[in-house]
Amino acid sequence: MNSAEPSASRLLVFAGGLAGAAGVALSAAAAHRGGAFTGTAASFLLMHAP
């Protein structure tokens, strides 16, 4: 097993978590402020986070 694999997996999990957190934040902004672009960006981030 390559020693770089665990760190690469951790990086992907971190990036997915960051995308999920940004998607939740943008969803809240879209719900309170509105805007089609904000809602679309939130949807894309939440779909790509997993």
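What percentage of the 50 residues in the protein do buried residues make up? Buried residues, meaning those under 20% relative accessible area, with exposed over 50% and partly exposed in between (1.4 Å probe, protein chains only), make up 16% of the 50 residues. This is a predicted model, in which local features need pLDDT of at least 70 and side-chain atom pairs count only at pLDDT 80 or more, while totals for chains, interfaces and linings use all residues. Residues are numbered from 1 along each chain as its sequence is written, and side-chain values use heavy atoms, with hydrogens and water left out.

**Overall form**

- The protein has two helices and zero strands, where helices (H or I, at least four residues) and strands (E, at least two) are DSSP runs numbered from the N terminus.
- Its radius of gyration, taken over C-alpha atoms, is 14 Å, well over the 10 Å that the globule rule gives for 50 residues, so the protein is more spread out than a compact globule. The globule rule is 2.2 Å times the number of residues to the power 0.38.
- The C-alpha trace spans about 50 × 10 × 10 Å along its principal axes.

**Surface**

- The accessible surface comes to about 3,800 Å², and 71% of that belongs to carbon and sulfur atoms. Accessible areas come from the Shrake-Rupley method with a 1.4 Å probe; for residues, only the protein chains shown count as cover.
- Leu 11, Phe 14 and Leu 18 make a nonpolar surface patch of about 350 Å².
- Phe 14 is located in helix 1 (residues 4-33) and is exposed, with a relative accessible area of 54%.

**Thr 38 and its surroundings**

- Thr 38 belongs to helix 2 (residues 36-48) and counts as buried at 8% relative accessibility.
- Leaving aside residues up to four places away in sequence, Thr 38 touches Leu 26, Ala 29, Ala 30 and Arg 33, contact being heavy atoms within 4.5 Å.
- The side chains of Thr 38 and Arg 33 make a polar contact (2.9 Å). Such a contact is a pair of N or O atoms within 3.5 Å; within protein, one must be able to donate a hydrogen and the other to accept it, and residues adjacent in sequence count only if both atoms are side-chain atoms.

**Ser 27**

- Ser 27, in helix 1, is partly exposed at a relative accessible area of 30%.
- Ser 27 touches Ala 42 and Leu 46, not counting residues up to four places away in sequence.

Terms used
Patches are made of residues with over 30% relative accessible area and no salt bridge: like charges are joined within 9 Å, nonpolar side chains (Val, Leu, Ile, Met, Phe, Trp, Tyr) within 5 Å. A salt bridge is a side-chain nitrogen of Lys or Arg within 4 Å of a carboxyl oxygen of Asp or Glu.
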